[in-house]
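Subject: Structure handover

Hello,

I am handing over the structure we spoke about. Please look through it before reading my notes.

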Amino acid sequence: MSDTLLRAIARDAGIQIAAASTTELVERAHEIHNTTPLATAALGRTLTATAIMGSQLKVEDGSVTVQIKGNGPLGAIVCVGDSDGYVRGYLQDPAVELPLRADGKLNVGGGVGRGYLMVIKDIGLKDPITGTVALVNGEIAEDLTRYFAESEQIPSACALGVLVDTDCSVKCAGGWLVQLMPGVKDSDIDKLEANLAKLESMTAMLDKGMSLEDIIRAVLDGFEVDFLQTTDIGYRCACSREKVERALISMGKTELCKMAEEQENSEVTCQFCDKIYHFSRAELQELLAHASEKK
């Protein structure tokens, strides 16, 4: 069963929600980057959030980049989502392992540490829209809740989860994002908060077989729910040899020349999918000549 994202609203209540199942795309990221369970959880949560945020973009070729830069051992986490909900991402150190928390759960907050979260939205304007907030605890869901409140002034609640199996594969993953629209009544906010207080974790609900419809109904218990749209999502890298060539040229003549001189054959690895692109010395020199012609 492919990963999907489902949108819904609480009828006449000013509440919207998106829920996503991301088991396959998080497992794909785990396979590409050979992540430990801790790194799988951190990257998987960020990929899930990015898929939801990317699908919110109202332009066809828009994209959103989520960067989490903490002082923990995982290092930076970078995920990019397109407006169709497809994502790609990586983290700085996929081999990090830490002791479990006292409650027996993976210590994602300890792996991320303290720092900041940055969201960059490219919606076809001259300059991208950027927002930055300090990390709350590095657990990612709470950090995104702060981002929406401070940078976009949208009261929100978010849940993200990745359940890693005993063989280190991804047993289930997903998340939801619920947001209040202007004019929502205090009584509806109170009802929603009561629901969230008794809600199980995202992975607990997925692990016992609840569908996205079931999960949304649990979040919006007591409301009339209108389901709007189901969208397929997944892991997709947009790299190509042409893009790598442009990246090499952007390094500058000095660095590219040094690279050509030091090795007969060079390799460039895509950070998002680990695909390796090979360049001979002659090909690098051709790029140098091409860069010089453009000046």
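Below is what I found, grouped by region.

One caution to start with: this is a predicted model, and every value below was computed from it.

Five strands make up an open sheet, and their order across it is 5-4-3-6-7. The pairing is antiparallel. Strand 5 (87-91) and strand 7 (129-134) are the edge strands; each has a single partner strand, so one side of each has no neighbour in the sheet. From one strand to the next the twist averages 10°.

Strand 6 (residues 115-122) pairs with strand 7 over six bridges, in the antiparallel sense. The hairpin of strand 6 and strand 7 has six residues between the strands, and in it Gly124 takes a positive phi near 90°.

Helix 2 (residues 37-55) lies across four of these strands: strand 3 (63-70), strand 4 (77-82), strand 5 and strand 6. Relative to strand 4, helix 2 runs at about 30°.

Aromatic pairs and charges over rings

How many aromatic pairs are there? The count comes to two. In one of them, the ring centres of Tyr90 and Phe272 are 5.2 Å apart and the planes stand at 70°; planes over 60 degrees apart count as edge-to-face, so this pair is edge-to-face. Buried here means under 20% relative accessible area. Tyr90, at 17% relative accessibility, therefore counts as buried, and Phe272 is buried with a relative accessible area of 17%.

Tyr147 and Phe148 form an aromatic pair as well, again edge-to-face, with 5.2 Å centre to centre and 65° between the planes. Both residues are buried: Tyr147 has 4% relative accessibility and Phe148 has 1%.

Phe272 also has a charged residue over its ring: Arg88 lies over the face of Phe272, at 5.9 Å from the ring centre. Elsewhere, the charged end of Lys191 sits over the ring of Phe223, 4.5 Å from its centre.

Around Leu177

Leu177 is in strand 9 (residues 170-180). Is Leu177 buried or exposed? Leu177 has a relative accessible area of 4%, so it is buried. Leaving aside residues up to four places away in sequence, Leu177 touches Gln16, Ile17, Ala18, Ile52, Gln56, Phe148, Ser156, Ala157 and Cys158. Phe148 in that list is the ring that pairs with Tyr147. For Ile52, the separation from Leu177 is 125 residues in sequence, against 7.7 Å in space from C-alpha to C-alpha.

Helix 9

Which residues of helix 9 (residues 253-262) are buried? They are Leu256, Met259 and Ala260. These residues cover an arc of only 95° around the axis, so they lie on the same side of helix 9. The face of helix 9 turned away from this buried side carries Thr254, Glu261 and Glu262, which are exposed.

- Asp12 is not a glycine, yet has a positive phi of about 60°. Asp12 lies in the loop between strand 1 (4-10) and strand 2 (15-21). At 73% relative accessibility, Asp12 counts as exposed.
- Ile140, likewise a residue other than glycine, has a positive phi near 85°. Ile140 lies in the loop between strand 7 and helix 4 (141-151). With 1% relative accessibility, Ile140 counts as buried.

That is the end of my notes.

Regards

Methods: Residues are numbered from 1 along each chain as its sequence is written. This is a predicted model: local features need pLDDT of at least 70, side-chain atom pairs count only at pLDDT 80 or more; totals for chains, interfaces and linings use all residues. Side-chain values use heavy atoms; hydrogens and water are left out. Two strands pair if DSSP finds at least two bridges between them. Helices (H or I, at least four residues) and strands (E, at least two) are DSSP runs, numbered from the N terminus. Axes are lines fitted to C-alpha atoms, for helices over the stretch in contact, and angles run from 0 to 180 degrees between N-to-C directions. Contact means heavy atoms within 4.5 Å. Rings of Phe, Tyr and Trp (its six-membered ring) pair if their centres lie within 6.5 Å; planes under 30 degrees apart count as stacked, over 60 as edge-to-face and the rest as tilted. Buried means under 20% relative accessible area, exposed over 50%, partly exposed in between (1.4 Å probe, protein chains only). A charge sits over a ring if NZ of Lys or CZ of Arg is within 6 Å of the ring centre and within 35 degrees of the ring normal. The arc is that of the directions from the helix axis to the C-beta atoms.
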